[in-house]
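Walk me through this model, chain by chain.

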Amino acid sequence: MSGGVDSAVAAARAVDAGHDVVGVHLALSRMPGTLRTGSRGCCTIEDSMDAQRAANVLGIPYYVWDFSERFKADVVDDFIAEYSAGRTPNPCMRCNERIKFAALLEKALALGFDAVCTGHYAAVVTDAAGNRELHRASAWAKDQSYVLGVLTAEQLAHAYFPLGDTPSKQLVREEAARRGLSVAQKPDSHDICFIPDGDTKGWLAERVGVAPGDIVDRSGAVVGSHEGAHAYTVGQRRGLHLGTPAPDGRPRFALEVRPKENTVVVGPKEALATAEIAGSRYTWAGLPPADAATPFACEVQIRAHADPVPAVAVVADGELVVTPEHPLDGVAPGQTAVVYVGTRVLGQCTIDRTVSAVSVDA
Amino acid sequence: MVYLDHAATTPMRPEAIEALTAALAVVGNPSSIHSAGQQAKRLLEESRERVAATLGVDGIEVVFTGSGTEAVNLAIKGLWWRRQSTAPSAVDGGPGARPRLLVPAGEHHATIDTVEWLAAHEGAEVVVLPLDEVGRLRLDVLEAELARDAASVALVTMLWASNEVGTVQPVEEVARLTARAGVPLHVDAIAAYGQLPIDVRGLRRATDAGPGAGLVALSVSAHKIGGPAGIGALVLDRSAAVEPLIHGGGQQRRVRSGTQDVAAAASFAAAATAVHERLDEDARRMSALRDRLIAGALAAVPAARLSGDPDPSGRLPANVHFSFPGCEGDSLLFLLDASGVAVSTGSACQAGVPEPSHVLMAMGRSESDARGALRITLGHVSTDAEVDAFLAALPGAYAQAAKAGLAARATSFDR
């Protein structure tokens, strides 16, 4: 229970369903803030109190479990390392993979619980043969199946998402108000929870340090400078502050981050087009495809709020290789490509490499 | 429910509830001049005298506060500031010549955070005195620090007994050393009050304490002895000068302004009197329960390690503190709670998260020991049946928590 409305209503529904429910708030920082600021961040003492008040209303016991060390090692340090390596990580995904459905789930199972129930908007469906499948939520706009795409069959066997079939967030808020939960109108949290002011660039600069370097075009000509390549994300247009205008006067985008050379490569929008995505770290969310070595039709989604795109996927040479029907923009290494068949999450890979749709000198 | 967390707070005694509710119905501000005020004042001062009697002092030497923590703050900050303003070198506007504040490791947060604040904002030089392996202050180090330069010491502050591991401190020896050095001593007796006899004047006499030196201040709290939460007291010797933290109407020796809570004082006094009427008898009874609980737990879980003084005379009669290697204290607490037994991890909490115990770390214990700590504390209502219930629940909780403890470090879901 984060202290937000979704987990409070999820807990309420779990209680209604007859489960023996215990509220657990994850302490993810040894030095939590005292008060929530705006809609940003989470895990302040105020959030913890909100969670406890919700548990009080539901009449369930409530505890705070400290995962701050694990969170720092597996999520925060990973986030810093990924950016330092010129990649674009998704810390929420890492948290689901390593904390909520690993460290927390393991501890819960050892303590005698059967499942971890969260307020994620996603659905776990059991097929005729008893296999668990992960599906999109009914509320398309709130669907969070993407950030859960990293879960495996073993984890899904112990996952419970009571909000999966709710048509909208508004209905969840109304239900919270009806149930007398004080968090009914609490603002949604956005951004990355451990960067409370939302300034990812500044936060990273404090931890990675400032390292001035060049911004170059695809020919290698220096067109600007930066204070550290780690602050750039493939596809980024704003904040490049290029001194030299492009010859054709068209906007330029970050195409590649090269941490070893501390260089950012920029170019025109069409150079962002990615024809192929591949990653060696892939998982299946439930049963794997019958024959993953034979190309199969699917849809691929590369960001939490991106539209899925029809694609063909195949496992070849130890990699999950996904070829979208038409090229995708702004695909960065480190991001996760989640593969769907209909509403079902089939699996995912962390993107290691991409193949551009246009040749370098186009 | 089996309640074995009396060091956190203990049920109010019937006498205290009765005194509280009776006094709540009486109108009158003790500072008012009219008869109603005089009635309130009478009840307040009678209560003060009754509390004072349990501490071996006069009524005028008891300053009621809003909590034990406030009493500790008033003693430490109040003494520190007054010692600076009266230090010889402060006469010509220079910094005080008594910047040193001697404090043992493993104190309660009321003390730790107060001295850290003084260090950060007021230039206090905090000298942390080490503990031995049972959590007892190293007297030789204190003696050496005082011998080094007693004139630069603003004050010494220490626990009478550890709230966490129950170790009784050598209060008389420290009182004697500070009396001899001419340095004021504050003792946080919140955990010890109601379990061990406390006689402030007797101790001052026994240690030849001169004015303003030796044991001059001592903090207690009502809710730890069956009184209400929201009232504590600072025993302040007549010769002790402190700077007030709260300014206003000048109540209570001008040391602690604010309308006085007559009902809380009356309730505190009722609890204090009741406790001290049977202090020895209850201490014997709780010691017997404690020793049975310790022996039973060690028999049930041989891996358990008793923290604090293994000598029964060196620890609080109501305190048991174990480390369970390989377990997380919060897992044990959860599992015992689920089987209806309330205990504590013993250390301070931030938003419900137990920190690794700084007391155990100061005693030289490993981080793993500090994580698997469990404090079980008895009270005046504790029974043999409750000890039995704890001993029955412990082995299962331990086995499961050990399993979960391993899980928290490396999980099979890791890839």
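**Chain A: a strand with two partners**

Strand β11 of chain A runs antiparallel to strand β15 (residues 319–324) of chain A, and 3 bridges join them. Here I277(A) faces V322(A) in β15(A). β11(A), residues 274–279, also runs antiparallel to strand β18 (residues 353–356) of chain A, with 4 bridges between them. E276(A) has V355(A) in β18(A) as its bridge partner. Two strands count as paired if DSSP finds at least two bridges between them. Strands (E, at least two residues) and helices (H or I, at least four) are DSSP runs, numbered from the N terminus. Strands of a sheet pair through backbone hydrogen bonds, either parallel or antiparallel.

A word on provenance. This is a predicted model: local features need pLDDT of at least 70, side-chain atom pairs count only at pLDDT 80 or more, and totals for chains, interfaces and linings use all residues. Residues are numbered from 1 along each chain as its sequence is written, while chains are lettered from A and ligands numbered from 1 in the order in which they are written. The model has an ipTM of 0.86 and a pTM of 0.89.

Residues are in contact if their C-beta atoms, placed from the backbone, lie within 7 Å.

Now look at the open sheet of 4 strands in chain A. Its order is β8-β7-β10-β9, and the pairing is mixed. The edges are β8 (222–226) and β9 (253–258) of chain A; each has a single partner strand, so one side of each lacks a neighbour in the sheet. The twist averages 30° from one strand to the next. Angles run from 0 to 180 degrees between N-to-C directions, and axes are lines fitted to C-alpha atoms, for helices over the stretch in contact. Within the sheet, strand β7 (residues 213–216) and strand β10 (residues 263–267) of chain A pair in the parallel sense over 2 bridges. V216(A) has V265(A) in β10(A) as its bridge partner.

Turn to two helices. The axes of α3 (residues 68–84) and α8 (residues 200–208) of chain A come within 11 Å and cross at roughly 90°. That makes α3(A) roughly perpendicular to α8(A), a label for angles of 65 to 115 degrees; under 35 is roughly parallel, over 145 roughly antiparallel, and the rest oblique. I80(A), Y83(A) and S84(A) in α3(A) meet L204(A), R207(A) and V208(A) in α8(A). These contact residues divide into 4 nonpolar, 1 polar and 1 charged.

**Chain B: sheet and helices**

Chain B averages a pLDDT of 93, with 94% of the residues at 70 or above. pLDDT is the predictor's confidence in each residue, from 0 to 100.

An open sheet of 7 strands in chain B has the order β2-β8-β7-β6-β5-β3-β4, with mixed pairing. β2 (62–65) and β4 (125–129) of chain B are the edge strands, each pairing on one side only. The twist averages 20° from one strand to the next. Helix α6 (residues 171–181) of chain B packs on this sheet and touches β5 (153–159), β6 (184–188) and β7 of chain B. The direction of α6(B) makes about 160° with that of β6(B).

What does α6(B) meet in α5(B)? L139(B), L142(B), E143(B) and L146(B) in α5(B) meet E173(B), V174(B), L177(B) and A181(B) in α6(B). The residues of this contact are 6 nonpolar, no polar and 2 charged.

Methods:
Contact = placed C-beta atoms within 7 Å. Nonpolar A, V, L, I, M, F, W, Y, C, P; charged D, E, K, R; others polar.
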